[in-house]
Amino acid sequence: MAPKPLVDVTRLFEDAATEMQDGEIAMMSNYSLNDAMSAFEARIMSFIGEPRLDSGLPVPGVDEKPLDLFNPSKPLLPEELCWLMDRAFALQMGFHKGHFLAHTVYTLLHIHFLDHLDADLIPTSYFIEHHDPKRPVELIVLVLWSFMQGILKCTDFTWREFNKTNIFDQEDWQSDKCEVSLLEGTPVAFVISRLDEAITWVATSCKVPDPWAEALEARLLLLRGLLGLLASNVFKHASSIRQHIMSTRTSLQTLRRIPVPVPSTDSPVRDAVSPLIARQLSTFTPFVLVEPMGPLETWSAFESLLEYWEEIVALSQTHSLTTWTIVPSLRVQLGNLPSDYPYSRSLAQSTFYDNIFVLGRYTFQWLSNQLFLETLGVGWKDLVALIRHPLRGSVDGLNEVARCCTRVERTLASLLVGYVKSNFCNPSRRRRRHQQNLLGWQNAVDALEDLLRCSDLSNTQHTGPVHLIPHVAVYWRLRTILYDIVLAGFPIELYSKEEQCCAYWYSMNLVDSLVPIVESLLSSLPTDRSSELAENVREELEFQMEFAKGVKGISCALLTLLTPSIVPLKNPDSLRRSFMKRFKWAWIIEYQDLDSEPLCQPEIEEWLGYLNSVSTTVKMEEVKERAKEAKSLFAPLLFSGVGFAGRPWGDQRKKFVKNIVGTCETIIRIPDEFDVKKLSWGERTPGGLVRDDGCWFPRYLE
């Protein structure tokens with residue numbers, strides 16, 4: 001709307017202020033200074049000022065329908081109520097994605113008028129005046145009332161999960177409740193009982209014709225199942241969670257089978273959803289119009305949520321530290337976007353660690369034991385016993401070992417919980433958290449080497465596993481740098497052209513350091529494969545070694561393909577600054593306090609030396625040869641053991657490998673006269689680049 005012509009009001013304001021003293025402010029009831037400033041800024045049509053201030057003022061000609069004109073008790077047709085329920089589900093999923101309550105759930109105006117829907121508080125005359133066989137009042141005072149209570153209670157449980165600090169306020173989600181009740185004090189059993197009453201009435205009443213009776217019942221059952229899921233404890237109610245998932249899937253099938261027509265523009269249900277409610281809530285959030293999902297997208301989001309709940313139940317019963325690191329990585333690498341909802345990521349973290357126990361039952365000592373058991377084949381307790389055995393007669397020696405063991409356990413306790421939870425952060429935060437974890441891994445290396453120095457293992461027969469305990473921390477540290485930091489920069493579009501080449505070059509160096517570590521760990525494993533654990537350890541290490549070799553091969557191919565486009569160097573100083581900024585995690589001052597030297601730190605002089613030795617002409621034969629070598633390394637992994645990925649996630653891991661094999665094939669088919677602009681790391685979305693292989697390596701768009 002175009003602004004009205006400005007009028008000089010100087011004289012008007014001077015006359016109005018003649019009876020006021022300097023510094024005096026005129027106040028009035030129910031009209032604050034903030035309201036006055038909001039009105040002032042809205043009247044000048046936001047030529048100056050902060051949009052947060054004018055977001056609370058209804059502007060004539062812009063606001064379609066003020067709240068005071070909304071009639072929450074107005075009867076609705078069954079199909080209109082179905083449409084409103086679908087919109088409520090879409091807005092609920094919008095909050096799961098991290099949007100403001102003021103822009104999602106609170107736009108349902110009925111939730112602000114629950115008292116007007118309560119049959120016990122409505123005058124008897126209402127039922128007489130609104131008698132309409134097509135619009136039974138029970139749809140409002142029973143079905144809609146119980147439904148809106150269920151939506152608010154679901155939102156309450158979602159908000160509580162968000163508020164566990166596993167994810168970040170104002171980054172992943174928005175905590176502003178706008179002083180609106182989410183029925184925090186209402187027992188969930190009460191809300192479920194009201195939903196059951198509504199379900200019973202819809203199923204038995206003759207007032208609602210088919211197919212709308214079935215459609216309404218399915219939506220009520222869907223809400224009841226969602227509320228049951230959100231209110232359940234995955235460790236105490238695993239069987240009931242599975243029942244809720246089954247019933248919810250049945251309801252989704254019904255919803256997909258019975259489409260709901262879009263109400264006409266003059267339908268009263270149109271007034272029941274208003275994004276402009278944000279202007280009149282107690283919030284400083286600027287007004288933003290969030291377009292809700294469509295029905296099909298909403299049901300797909302529900303299906304993804306159910307799949308994630310199934311995965312969480314499976315993970316809660318999988319007592320493997322390595323598996324808890326594999327699963328979130330596969331989610332990222334396969335581009336599974338629904339799992340990236342803040343609610344899903346928070347739920348996984350609180351399932352793993354609830355600030356008291358790990359997986360609902362274990363202490364930190366279990367984490368330390370599993371780390372060595374799943375990497376070295378021997379648990380931490382057994383390793384400590386091997387170290388203590390030669391020192392049985394030395395009190396000082398045993399005390400020194402005890403001191404070193406305590407340091408190791410404390411270091412790992414503070415590291416491992418944070419390490420696993422980091423995998424469930426949003427992509428950018430995940431990468432930053434893993435950078436912060438690197439110092440913890442090096443601390444663990446330092447503590448384990450200190451333990452070996454104070455131990456007497458000269459007369460111990462089985463010293464192989466004990467001598468390799470620092471390799472365990474080195475192995476996990478190198479893996480973190482390679483996959484979770486260096487290669488993880490590609491999906492979030494972190495790198496420039498020069499930095500892309502540097503990332504592939506450094507990946508090759510990391511693999512050169514990682515493979516010998518894995519080989520030494522494999523050599524220490526017992527030859528007996530009778531136990532499932534021993535077999536999983538061997539399969540996992542073998543997979544990691546061959547996969548890393550494949551990563552080196554494809555990185556070498558891409559480095560050979562891309563580097564000629566950035567040489568000769570035009571500005572070496574700029575390249576140095578970029579290198580130092582990108583790898584700043586490698587030079588933090590805390591490393592100087594440790595006795596051990598970090599393995600495979602990035603070196604700028606080595607990188608510059610490599611660039612000075614590179615030809616400016618692309619050697620396509622070498623590129624294709626390297627890509628073929630990489631493919632030959634990746635392809636056998638499609639038929640190898642799945643290690644700690646296990647049955648539920650083994651197929652996903654193989655799918656990821658298959659996608660990388662496809663990437664190798666596209667590189668092999670690149671023509672000799674190629675266009676570097678046709679190299680694509682993935683499809684661009686609001687969250688970054690997304691592709692079904694994690695976007696570590698580009699494909700050539702033929």
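Select Tyr483, Phe490, Tyr495, Tyr504, Phe543, Phe547, Phe634, Phe656, Trp696 and Phe697, which ring pairs link into a cluster. Rings of Phe, Tyr and Trp (its six-membered ring) pair if their centres lie within 6.5 Å; planes under 30 degrees apart count as stacked, over 60 as edge-to-face and the rest as tilted. The model is a predicted one, in which local features need pLDDT of at least 70 and side-chain atom pairs pLDDT 80 or more, while totals for chains, interfaces and linings use all residues. Residues are numbered from 1 along each chain as its sequence is written, and side-chain values use heavy atoms, leaving out hydrogens and water.

The whole structure holds 34 aromatic pairs. Next, display Phe372 and Trp380, a stacked pair at 5.1 Å centre to centre with 25 degrees between the planes.

Tyr504 is buried at 0% relative accessibility, and Phe697 is buried at 2%.

Finally, move to Arg429, which lies over the face of Phe168, 3.8 Å from the ring centre. Likewise, the charged end of Arg479 sits over the ring of Trp476, at 4.7 Å from its centre. A charge sits over a ring if NZ of Lys or CZ of Arg is within 6 Å of the ring centre and within 35 degrees of the ring normal.

How values were computed: Buried < 20%, exposed > 50% of the residue type's maximum accessible area, 1.4 Å probe, protein only.
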